[in-house]
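Please look at the model below before reading the report.

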Amino acid sequence: MSTTALPGLAERIEAAVRATPGVRSVYRAGSLVSNLVGVGAVAVGISPIDEPLVAVRVVGEGAEVEASLGIEYSASALDLLRDVRAAIGEVLAEDGLGSVGTVLTIAYVHPREASSD
């Protein structure tokens, strides 16, 4: 396998992350600088605007995944991160891949006032 992501893999992982109870939103993975460069690339037409928000890189028989999450205020961060990792693992297993590394960042905790509870 190559060191790039398989077609559709990032999108399927993003969908699995979004479907995890307690996850309210997914933000573009990466540092502020890399995100600014990415926005610039979209602005000048170098990069497509609809790229997945989850970063995936296939390495040998596994994959590295990076995602930034917005979570419900009432969610247990540890439980939620465990559930997201499990959801990612299921998608990777469907493609015969293991996890080489998963980096999950809680970028935002939605306030109680914004909750649908």
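## Basis of the model

This is a predicted model, in which local features need pLDDT of at least 70, side-chain atom pairs count only at pLDDT 80 or more, and totals for chains, interfaces and linings use all residues. Residues are numbered from 1 along each chain as its sequence is written, and side-chain values use heavy atoms, with hydrogens and water left out.

## The chain

The protein chain has three helices and four strands, in the order α-β-α-β-β-α-β from the N terminus. Helices (H or I, at least four residues) and strands (E, at least two) are DSSP runs, numbered from the N terminus.

Of its 117 residues, 32% count as buried; buried means under 20% relative accessible area, with a 1.4 Å probe and protein chains only.

## Helix α1

Helix α1 covers residues 9–19, and its buried residues are Leu9, Ala10, Ile13, Glu14, Ala16 and Val17. They lie on the same side of α1 because they cover an arc of only 160 degrees around the axis. The arc is taken from the directions from the helix axis to the C-beta atoms.

These buried residues pack against β1 (23–27), β2 (55–59), β3 (62–71) and α3 (77–94).

## Thr20

Thr20 sits in the loop between α1 and β1. Thr20 counts as buried because its relative accessibility is 6%.

A polar atom of the Thr20 side chain lies 3.0 Å from the backbone oxygen of Ala16. Leaving aside neighbours within four places in sequence, Thr20 is in contact (heavy atoms within 4.5 Å) with Asp83, Val84 and Ala87.

Technical notes:
Buried means under 20% relative accessible area, exposed over 50%, partly exposed in between (1.4 Å probe, protein chains only). A polar contact is a pair of N or O atoms within 3.5 Å; within protein, one must be able to donate a hydrogen and the other to accept it, and residues adjacent in sequence count only if both atoms are side-chain atoms.
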